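Here is a short tour of a ligand site and some aromatic rings. Have a look at the model first, then read on.

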Amino acid sequence: MLERTLSIIKPDACRAGHMGEIISRFEREGLRIVAMRLLRLTRPQAEGFYAVHRERPFFADLVEFMTSGPVVVMVLEGENAIERNRRIMGATDPAQAAEGTLRKLFASNIQNNAVHGSDGPDTARTEVAYFFSTLDQVDWD
Ligand code: CMP
């Protein structure tokens, strides 16, 4: 099924100069970028994006981290894009992530974990709409 998913290159990976490598990996894996923006999240924007985690003990630190520098937000498109992106990223905790995954390569710890990707079709729809209107998303064909 042709899907769209939201990808974020987090502040740690942007600051370390890995934006290009990460974007290039998505391109090599055949995921098409249909929207992309570099921005610095405000506190309310980060809190809103991670609202489902509001009750978690790590929420305040997560918001602090996500607002600590620029991020790249992207919409990736492809067959089974949601699951493929999750495989490319690897496990949330880099200590558990498989060799060659983005988090194994670029993440420092479970919080500063380089990239975010939507975890399912409903989340993907909500997360894509959080940053992009349909007009922002290009048709390559
Ligand atoms: P992400 O995939 O963006 O979804 C929620 C984020 O919360 C996650 O990546 C991490 O950045 C962070 N996170 C998840 N679990 C923990 C944890 N146990 N401790 C600290 N941060 C976490």
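## Aromatic rings

Rings of Phe, Tyr and Trp (its six-membered ring) pair if their centres lie within 6.5 Å; planes under 30 degrees apart count as stacked, over 60 as edge-to-face and the rest as tilted. By this rule there are four aromatic pairs. In one of them, the ring centres of Y130 and F131 are 5.2 Å apart and the planes stand at 80 degrees, so this pair is edge-to-face. F49, Y50, Y130 and F131 together make one aromatic cluster.

Y130, with 36%, is partly exposed, while F131, at 8%, counts as buried.

## Around the ligand

Y50 also belongs to the ligand's surroundings, alongside K10, H53, F58, L62, T92, R103, I110, Q111, N113 and H116 (a residue is near if one of its heavy atoms lies within 4 Å).

For Y50 the distance is 2.5 Å, for H116 it is 2.8 Å, and for N113 it is 3.2 Å. The protein covers 79% of the 460 Å² of accessible area that the ligand has on its own (Shrake-Rupley method, 1.4 Å probe).

## About the model

This is a predicted model, where local features need pLDDT of at least 70, side-chain atom pairs count only at pLDDT 80 or more, and totals for chains, interfaces and linings use all residues. Residues are numbered from 1 along each chain as its sequence is written, and side-chain values use heavy atoms, leaving out hydrogens and water.

Key. A polar contact is a pair of N or O atoms within 3.5 Å; within protein, one must be able to donate a hydrogen and the other to accept it, and residues adjacent in sequence count only if both atoms are side-chain atoms. Buried means under 20% relative accessible area, exposed over 50%, partly exposed in between (1.4 Å probe, protein chains only).
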